[in-house]
Amino acid sequence: MHAMPIEPPSNGQYLLAAYLIGSVILLGYFLSLWLKSRKI
Amino acid sequence: MPDAIRLALAIAGKDIRAELRSRTALQSALVFAALVLVVFNFARDPTSLAAVDLAPSVLWVTFALAAMVALNRAFTVERENSAMDALLLAPVPREALFAGKLLANLAFVGTVELVTLPLFVLFFNVSLGHALPGLIGITVLATIGFVAVGTIFSAMAVRTRFAELMLPVLLLPFMVPPLIAAVQVTSRLLANRPLSEMWGWLRLLALYDVVFVTLCMMAFTAVVDE
Amino acid sequence: MTDFSLAAKVVKRGLVISTLGLIGLAGVFVLALGFTPVEARQGLAQKIFYLHVPAAWSALLAFSLVGITSCLYLWLKDPRLDRFAAASAEVGVVFAAVMLTTGPIWAKPIWGTWWTWDARLTLTLFVFFLFLGYLALRAAVHDAAERARFSAVVGILGMLLVPFVHLSVYLFRTLHPQPIVLKPSAPSLPTSMLTTLLVSTLVFTLLYLGFVTTRYGLTLAEEVREDARNAD
C-alpha cells in the first residue's frame with residue numbers, strides 16, 4: 001500500500017471570492033475613469 | 001532669552017489667557033471626557049473583565065478623544081476672533097508661532113487630563129499611588145505627540161468647510177503610535193512592572209515626539225502662509 | 001498642440017496602458033489557476049497570494065510616491081507634482097482596497113481568523129486611512145494653491161508616520177507572545193510560484209502606471225476646462 005499524497009483542503013470558494021472582488025474593484029475603477037474620459 | 005522663545009511664550013500666554021476668560025474649549029472637553037468615562041463604565045460588564053485590565057485603554061481613549069475636542073474648539077474660537085490674522089501680518093517667525101500654539105494647546109489638553117484622571121480613579125476604582133509619577137511622565141510624552149500633529153492639522157482643518165469632521169479624519173492615524181505606547185506603558189506602570197519592560201515603548205514615543213514636533217514646526221509656515 | 005488636446009492625449013495613453021494591464025490581469029488569473037501548482041497545505045486559497053501581494057506592493061508604491069512628490073512640491077512648487085500626488089493617492093486607495101479585501105478572504109481559511117495585526121496588513125490599513133484623509137482634505141479645500149500646500153504637508157507627515165507604525169507593530173509582537181497560528185511559511189518559493197508572483201507584480205505596476213496616467217490626464221483636462229470657463 002503506497003503512502004497517500006497530502007490532500008489539500010478544499011477552499012476554492014475563497015479563491016473565487018477573492019479573485020472576483022479584486023477584479024470588480026480594479027475593473028470598476030477602470031470603468032469610472034473611462035466614463036469620466038467620455039465626458040471631457 | 002532668545003527672541004523666538006520669548007515670542008512663543010508670549011503667544012502661548014495670550015492664548016491661555018483668552019481661554020481662561022471664555023473657557024469654551026476647556027468646558028467642552030471636560031464634559032466630553034466625563035461623559036466618555038461614564039459610557040465606558042456602563043458598557044463594561046464588571047464580572048467579566050477586571051477594571052485594571054481595561055483601565056489603561058479606557059483612560060487613553062478618553063484622553064485622545066478629549067484632546068481632539070479641545071484642539072478643535074481652540075482653533076475655532078481663534079478663527080471666530082480673527083486673532084490669527086493680526087499675528088500673521090506681523091513679522092513673527094512661523095516656528096515661534098507654532099511653538100506658542102503648541103504650548104497653549106498642551107496647557108489646554110493637560111488641564112483636561114489633569115481633571116479627568118481623578119474622575120477615572122473614582123469611576124474605575126483603580127489605585128494609582130506608586131504609579132503616579134510614571135503616569136504623569138507618560139501622559140506628558142504622549143500628549144506632546146498628539147498635540148504637535150493636532151496643532152498643525154487643526155490649523156488646516158479650521159480653513160475647510162467640515163472642520164469638526166476633518167480634524168479626526170486626519171489626526172486619528174497619527175494618534176495611534178503614541179496611543180499604543182501610552183497604553184502599554186500605563187498598563188505596566190499599574191501592574192508595577194520594572195522599567196526595563198517599558199523602555200522600548202518610551203524610546204519609541206520620545207523619538208516620535210522629536211520627529212513630529214520638529215516636522216510640524218517646519219511645516220507650519222506652509223499651512224498659514226500664502 | 002493646445003493644452004486640452006495634450007490632456008486628452010494623456011488620458012488616452014493612460015487608458016491604453018490600463019487596458020493592457022487588465023488584459024495582463026486576466027493572464028495572471030490563467031497563469032495562477034492553470035499553470036501554477038497547488039500548495040499542499042493551504043490548497044486553492046493560497047492562490048489569492050498572487051493578487052494580494054502585488055496589490056499591496058502597488059498600494060505602497062503609490063503611497064511612497066505621494067510622499068516624495070509632496071516633499072518635492074513644497075520645495076519646487078510645481079503644480080504638476082501636486083496633480084501627480086493626487087492621482088497617485090486615488091489610485092493607491094483602489095489598490096489598498098484590493099489588498100484589504102483579499103487579505104481577510106485569504107486569512108480566514110488559512111489562519112482561521114479574518115484579521116491579524118501582522119505588519120503588512122496593519123501598515124496597509126494605515127496607508128488606506130491616510131489616503132482617505134488626504135483625499136477628504138483635497139475635496140474640502142477649494143483654493144488650488146492652498147489645497148496643494150495642505151495636501152503636501154499631510155503627504156509628508158503621513159510618509160513619516162509609516163515607520164512608526166511599523167516599529168509599534170514590531171515592538172508589540174516581540175513583547176507579546178502571539179497565539180500559535182498555523183502560519184503558511186514560504187521560506188523559499190518554488191520557481192513556478194515565484195514566476196507567477198513576478199508576472200503579477202509587473203501587471204500591477206502596469207495597472208498603477210495606466211491608472212495614474214489616466215487620472216492625471218483627467219485632472220489636467222478638468223483644470224483646462226475650468227481655466228477656459230473663468231477666462232470668459
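I count two residues as in contact if their C-beta atoms, placed from the backbone, lie within 7 Å. The model is predicted: local features need pLDDT of at least 70, side-chain atom pairs count only at pLDDT 80 or more, and totals for chains, interfaces and linings use all residues. Residues are numbered from 1 along each chain as its sequence is written, with chains lettered from A and ligands numbered from 1 in the order in which they are written.

**Chain B.** I looked up contact range first. Of the contacts in chain B with a separation of 6 or more, 87% join residues 24 or more positions apart. I then listed its secondary structure: eight helices and zero strands (DSSP runs numbered from the N terminus; helices are H or I, at least four residues, strands E, at least two). The C-alpha trace of chain B spans about 60 × 35 × 30 Å along its principal axes.

Beyond four places in sequence, B:V149 contacts B:L171, B:F174, B:F212, B:C216 and C:L157.

**B–C contact.** I found 24 residues from chain C and 23 residues from chain B. On the chain C side, α5(C) gives the largest share, 15 residues.

**A–C contact.** Here 23 residues of chain A contact 31 residues of chain C.
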